[in-house]
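This report describes selected contacts and strand pairings in a protein chain. Please view the sequence and the structure together before reading on.

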Amino acid sequence: MRVTRKVFINRDPDIVFGYLASAANEPVWRAGILRAEPDQPVEAGIGSTGTSLLRFMGREVEVCWEVVEFEPQARLCREYTSGVRGGRDRYTLERFGKGATVVEVELEFEAAGLMGLLIPSRRTSMEHELRTDLQRLKAILEDR
């Protein structure tokens, strides 16, 4: 299942991308991510890996991730794997006027077993969570 949403942020793409590229920032603006840590303390890029603790359908799930797309100020994609949840989080940035950015977020969920059967029924709540998370992201970046 895929959920997508766009948000307008009144900040330059380099600032927005820098914030999104740091996995450690995810628990600050995404309610479903409890912890996110890169495996190496280096700048993110293709092949960067790490682990995250997610709240997924009422359960805490630890996942491994890898950055599979990385184009500074334009595109970032982390691919997640675990025994329960997989998928991708893709961020696409587009400059808008002078000093602003439109961010499109596409979350792709895959789940095994019974959880996989339940994902379609949770679409509305996942869309609401994404909308709320993006408003939090916007507020954090515009208040800097």
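## Arg35 and its partner

Arg35 has a relative accessible area of 26% and is therefore partly exposed; buried means under 20% relative accessible area, exposed over 50%, and partly exposed in between, with a 1.4 Å probe and protein chains only. The side chain of Arg35 meets that of Glu62 in a salt bridge, at 3.0 Å from N to O. A salt bridge is a side-chain nitrogen of Lys or Arg within 4 Å of a carboxyl oxygen of Asp or Glu. Because Arg35 belongs to strand E2 and Glu62 to strand E4, the pair ties together parts that are 27 residues apart in sequence. Glu62 is likewise partly exposed, with a relative accessible area of 48%. Helices (H or I, at least four residues) and strands (E, at least two) are DSSP runs, numbered from the N terminus.

This is a predicted model, in which local features need pLDDT of at least 70 and side-chain atom pairs count only at pLDDT 80 or more, while totals for chains, interfaces and linings use all residues. Residues are numbered from 1 along each chain as its sequence is written, and side-chain values use heavy atoms, with hydrogens and water left out.

## Further salt bridges

The structure holds 16 salt bridges. One of them joins the side chains of Glu106 and Arg2, with 3.4 Å from N to O. Glu106 lies in strand E7 (residues 100–111) and Arg2 in strand E1, so this pair connects parts that are 104 residues apart in sequence. Glu106 counts as buried because its relative accessibility is 18%. Both Glu106 and Arg2 also belong to a network of salt bridges, whose members include Glu69, Glu71, Arg75 and Glu79.

Another salt bridge is formed by the side chains of Asp89 and Arg30, at 2.6 Å from N to O. Asp89 is in strand E6 and Arg30 in the loop between H2 and strand E2 (33–38), so the contact ties together parts that are 59 residues apart in sequence. Asp89 and Arg30 are both buried.

## Aromatic pairs and charges over rings

The count comes to three aromatic pairs. Rings of Phe, Tyr and Trp (its six-membered ring) pair if their centres lie within 6.5 Å; planes under 30 degrees apart count as stacked, over 60 as edge-to-face and the rest as tilted. Phe17 and Phe70 make an edge-to-face pair, with 5.2 Å centre to centre and 70° between the planes. This pair links distant parts of the chain, with Phe17 in helix H1 and Phe70 in strand E4 (residues 59–71), 53 residues apart. Phe17, at 6% relative accessibility, counts as buried.

Trp29 and Tyr91 also form an edge-to-face pair, with 6.2 Å centre to centre and 65° between the planes. A charge sits over a ring if NZ of Lys or CZ of Arg is within 6 Å of the ring centre and within 35 degrees of the ring normal. Arg78 places its charged end over the ring of Trp65, 5.3 Å from the ring centre.

## Strand pairing around E4

Two strands pair if DSSP finds at least two bridges between them. Strand E3 (residues 49–56) runs antiparallel to E4 and is joined to it by eight bridges; Leu54 stands opposite Val61 in E4. E4 and E5 are also antiparallel, with seven bridges between them, and Arg78 in E5 is the bridge partner of Val67.

The hairpin of E4 and E5 has three residues between the strands, and in this hairpin Gln73 takes a positive phi near 65°. Gln73 has a relative accessible area of 40% and is therefore partly exposed.

Asn10 lies in the loop between strand E1 (2–9) and helix H1 (13–21), and is partly exposed at 45% relative accessibility. Asn10 touches Gly99, Ala100 and Glu142, not counting residues up to four places away in sequence; contact means heavy atoms within 4.5 Å. The C-alpha atoms of Asn10 and Asp143 are separated by 9.8 Å, although the residues are 133 residues apart along the chain.

The structure holds zero disulfides, a disulfide being a pair of cysteine sulfur atoms within 2.5 Å. Cys64 is partly exposed, with a relative accessible area of 43%, whereas Cys77 is buried at 0%.
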